[in-house]
Amino acid sequence: MSHSIWMVEMKNPGNPRTAPERPGAHADDADRPADDADRPAGGADRPAPLRGSSTLFTLDPGTAHLNHGSYGAVPVPVQRYQARLRAEMERDPDGFFLTAPDRVGRARAEIATALGGDPARLALVTNVTEGVAVALDSIPLGERDQVLVTDHGYGVVTRAAERRAAEAGAAVRCVRISPHAPDAEAVAERVLAAVTPRTRVAVLDLVTSPTARTVATPALLAALRSRGVVTVVDAAHAPGALPVDLGGAAGGADFWVGNLHKWAFAPRAAAVLAVDRPWRPRVRPLTFSWEHDRGFPRRVEWRGTFDYTPGWPPRPASRC
């Protein structure tokens, strides 16, 4: 998607904590190029701040925030909206949690529209790590089965695959991909060469965290599907950064998980899990809840006394 659905107002009214203190400074300064007063000491040896960064976020001006891909940074308007939701929860906790499942469902429908998918295919989870765990726990594995991963995968996701395989007596096969592989087609060839009749699941990144390689292309996912391999895609960096179309199958995969608290600028932790139709009745949530018998996606989304506010796109409170 081309912009974040959570950043309703890109021109933010100003953040009292971090707004510039020079005379005449105001929120519209977010739209002008940085001048010398904005630049850190060191002049041309250090980059100028991004336009608007001093008012759109509450980042410590003494900290160089270079790793947005890990935890993100929540824009000021989104922080304020979430604070209003939390205040509403504290005013009437029973009423808030009574209506929360339906409100989460409406938020999911809006998010699905932005990602080109059907709300029935999606569930809101906290992050890709949780979504991958749900997917792996929902896929039957036997003692002779094999789970395919790559050496460019995110470490904790790979460890989750190893744990699930160990519980089932299955094996994990790690595909080594050269950093010098020329393109995604060469990467796909390497992955497909590792598939055997025992390969049951492939856990692949859309864009790898450590090396920014493209792995889970539509062509590779289709080839794996034709071989009977269940695909789980770690698309942690996709929403807000890359075009996402979850129409039809789950982005071409059986399970697809993307974070919303990175480049989509939602509060952390928020992510979307897309599940292809045959798997939805078989999805096993990590937590059993009173919504379990409602099926997917509610059985995945509801966790009792949980903070559901990160997944709710900003709207006036009267419309919630």
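Buried means under 20% relative accessible area, exposed means over 50%, and partly exposed lies in between, with a 1.4 Å probe and protein chains only. The model is predicted, so local features need pLDDT of at least 70 and side-chain atom pairs count only at pLDDT 80 or more, while totals for chains, interfaces and linings use all residues. Residues are numbered from 1 along each chain as its sequence is written, and side-chain values use heavy atoms, without hydrogens and water.

**Exercise 1.** Classify Phe97 and Phe96 as buried, partly exposed or exposed, and describe their ring pair.

Solution. Step 1: Phe97 has 21% relative accessibility, so Phe97 counts as partly exposed. Step 2: Phe96 has a relative accessible area of 2% and is therefore buried. Step 3: rings of Phe, Tyr and Trp (its six-membered ring) pair if their centres lie within 6.5 Å; planes under 30 degrees apart are stacked, over 60 edge-to-face, and the rest tilted. Step 4: the rings of Phe96 and Phe97 are 5.6 Å apart centre to centre with 80° between the planes, an edge-to-face pair. Step 5: ring pairs join Phe96, Phe97, Trp302, Phe306 and Tyr308 into a cluster.

**Exercise 2.** State how many aromatic pairs there are, and describe the pair of Phe57 and Phe265.

Solution. Step 1: the count is seven aromatic pairs. Step 2: Phe57 and Phe265 form a tilted pair, at 5.9 Å centre to centre and 40° between the planes. Step 3: this pair links distant parts of the chain, 208 residues apart. Step 4: Phe57 is buried at 13% relative accessible area, and Phe265 is buried at 17%.

**Exercise 3.** Describe how helix 7 packs with helix 8.

Solution. Step 1: helices are DSSP runs (H or I, at least four residues), numbered from the N terminus. Step 2: helix 7 (residues 184-193) and helix 8 (residues 218-226) pack at about 15°, with axes 10 Å apart. Axes are lines fitted to C-alpha atoms over the stretch in contact, and angles run from 0 to 180 degrees between N-to-C directions. Step 3: helix 7 is therefore roughly parallel to helix 8, as angles under 35 degrees count as roughly parallel, over 145 as roughly antiparallel, 65 to 115 as roughly perpendicular and the rest as oblique. Step 4: in contact (heavy atoms within 4.5 Å) are Ala188, Val191 and Leu192 of helix 7 with Leu220, Ala223 and Leu224 of helix 8.

Technical notes: Helix = DSSP H or I, 4+ residues; strand = E, 2+ residues; numbered from the N terminus.
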